[in-house]
Amino acid sequence: MIRLLLLALLFFLAYTAYNAFVRSLPGRKTLPKDKSREGEEMVRDSQCGTFVPRSMALEKSIKGEKHFFCSAKCRDIFTGKKG
Ligand SMILES: [Zn+2]
């Protein structure tokens, strides 16, 4: 009787392990939204470090250097920091 229980437990563990394995398989979840951004230049937010498409980034020149930001909030924090 105990052997049967152990066997059932073993099957249960194997089943959950298999499920975890299947879910971790790469290439199952492909994000098609990345394709639309292909070829567009990515710029780095000088404040938070996020990469944003050039067309969506806020641009600001500070002391002759060009900086890009993901949002006005980041831009304001960055320019505030610099005085
Ligand atoms: Zn940002």
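In the predicted model, His67 touches Ser46, Lys60, Ile62 and Phe78, leaving aside residues up to four places away in sequence. His67 is found in strand E4, which covers residues 65-69. The residue counts as buried because 21 C-beta neighbours lie inside 10 Å, and the cut-off for burial is 20 or more. His67 and Asp45 are 22 residues apart along the chain, and their C-alpha atoms are separated by 7.3 Å.

Strand E4 is joined to strand E3 by 5 bridges, and the two strands run antiparallel. Within this pairing, Leu58 stands opposite Phe69 in E4. Strand E3 comprises residues 58-62 and is hardly covered, as the count of buried residues among its 5 residues is 0. In a regular strand, the side chains alternate between the two faces of the sheet.

E3 and E4 form a hairpin, with 2 residues between them. Lys63 is placed in the loop between these two strands, E3 and E4. The phi of Lys63 is near 50°, a positive value in a residue other than glycine. Most residues other than glycine have a negative phi. Lys63 is exposed, because 6 other C-beta atoms lie within 10 Å and a residue with 12 or fewer is classed as exposed. His67 in E4, by contrast, is buried.

The largest nonpolar core has 6 residues, namely Val43, Ala57, Phe68, Phe69, Cys70 and Cys74. Phe69, one of these core residues, is also the residue of E4 that stands opposite Leu58. Cys70, another member of the core, touches Asp45, Cys48, Thr50, Val52 and Ala57, again leaving aside residues up to four places away in sequence. Among these contacts of Cys70 is Ala57, which itself belongs to the core. Asp45, also touched by Cys70, has its C-alpha atom 7.3 Å from that of His67.

Helix H1 consists of 23 residues, residues 2-24, and at 1.5 Å a residue it should span 33 Å. H1 is hardly covered: among its 23 residues, the count of buried residues is 0. Strand E3 likewise has a count of 0 buried residues, among its 5 residues.

Methods: Residues numbered from 1 in each chain as written. Predicted model: local features only at pLDDT ≥ 70, side-chain atom pairs only at ≥ 80, totals over all residues. Core = buried A, V, L, I, M, F, W, Y, C linked by C-beta atoms within 7 Å. Contact = placed C-beta atoms within 7 Å. Helix = DSSP H or I, 4+ residues; strand = E, 2+ residues; numbered from the N terminus. Expected span 1.5 Å × (residues − 1). Pairing = 2+ DSSP bridges.
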